[in-house]
Amino acid sequence: MAAPVQTQACSSFRRSAGRAQLRGTRTTGRALLTTSSGVTGLDRALGGGLAVGSLLLIEEDQTDSYSRLLLQYFLAEGVVCGHQLYLASARDHPDDIIQNLPLPILDDDVTPKLGEPLPPADAQPPDPMKIAWRYQNFPKVQTEPASSFRFGHYYDLSKRMDPQLLQATQFHTFYLPEETEERSSSLGPYSGLLQSIQTVIRIEGFDGSSSQGKVRNVLRLGLHSLGSALWGDDVCLSESPAHSHALTTFLYALRALLRSSLSVAVVTVPAHLIQFPFTFRSPAPADLLTPIPPDPQEGPINTASSLFLSELLDK
């Protein structure tokens, strides 16, 4: 499922070693605090995972199938790691998306299933394996860590996540049809969304403003199909849209907000629908770009979409 990825320098994401104790994170060789995207193949393509404080922009495929799955994997990984989640959508209600997250595949030998009691401490396997006598006195080492401590997990798309796992996770949602915030001239339909994200980051202390006694955590933000007509953005409807720079302005503001907080965001954009030719100045509004290869049956990507992708990370 991994797709070709374009990257740029991430020197501003360097974190101290102390933050490696955060759940669901690890430090890479470049001293970057990273978290899993929920897809191990994509983590490898990204060089080890998503850097905390970064923004991953995903170009939606024409049926919004693969891009939606990547977003669901990203959110499901946050549930397993105990992160807080923020989900924004203008089409499907966030609660419906959350209820359909895939079931994580955990280790039966180290992680008991929900509702099952822990085995007794002196329990022995029914049929222990016999090994050579010279290794019998060696100390026993668990070569595979427990699922809750692993970096990246696998998921079963044919089953939904257990409700008990979802109940243990703190969610923040933004559903555009239920919002009545006034729009600013520069952000257009995304002003209320940015204000909501700022409020969550400040109140929950992801910007470092919380008291020392509060357990630090990571906030995962999933923003679905920004730029579509359902968001009230007309970049998909006209070659001369009224909010021609609203999406790029929002992405710049969001990236600046992520830089100063323990947050990581995945944003999907229907680039194949965009009629307005974007031109971005350096620095780019996104840190990582993952285009979904088009299905041959869907036809080639239009010119505006290709220009959108090529210039999004242009330095």
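Visitor: Which residues form one aromatic cluster here?
Guide: In this predicted model, the cluster is made of Phe174, Tyr190, Trp231 and Phe250. A pair requires ring centres of Phe, Tyr or Trp (its six-membered ring) within 6.5 Å, and planes under 30 degrees apart count as stacked, over 60 as edge-to-face and the rest as tilted. The search of the whole structure finds four aromatic pairs.

Visitor: Why is the pair of Tyr73 and Tyr155 called tilted?
Guide: The centres of the Tyr73 and Tyr155 rings are 5.9 Å apart and their planes stand at 45°, so the pair is tilted. Tyr73 belongs to helix 2 (residues 66-81) and Tyr155 to strand 8 (residues 154-160), which puts the partners 82 residues apart and links distant parts of the chain. Here helices (H or I, at least four residues) and strands (E, at least two) are DSSP runs, numbered from the N terminus.

Visitor: What makes the pair of Phe174 and Trp231 stacked?
Guide: The angle between the planes is 5°, with 6.1 Å from centre to centre, and planes under 30 degrees apart count as stacked. Both Phe174 and Trp231 are buried, a word that means under 20% relative accessible area, with exposed over 50% and partly exposed in between (1.4 Å probe, protein chains only).

Visitor: How do you know that Arg26 lies over the face of Phe151?
Guide: The value is 3.7 Å from the ring centre, and the rule asks for NZ of Lys or CZ of Arg within 6 Å of that centre and within 35 degrees of the ring normal. The charged end of Arg220 likewise sits over the ring of Phe74, at 4.9 Å from its centre.

Visitor: What makes strand 11 mostly covered?
Guide: In strand 11 (residues 263-269), seven of its seven residues are buried. Ser263, Ala265, Val267 and Val269 are buried on one side, and Val264, Val266 and Thr268 on the other.

Visitor: How do you know that strand 5 and strand 11 pair?
Guide: Strand 5 (residues 55-59) and strand 11 share five bridges in the parallel sense, whereas the definition asks DSSP to find at least two bridges. Leu56, for instance, has Val266 in strand 11 as its bridge partner.

Key: Residues are numbered from 1 along each chain as its sequence is written. This is a predicted model: local features need pLDDT of at least 70, side-chain atom pairs count only at pLDDT 80 or more; totals for chains, interfaces and linings use all residues. Side-chain values use heavy atoms; hydrogens and water are left out.
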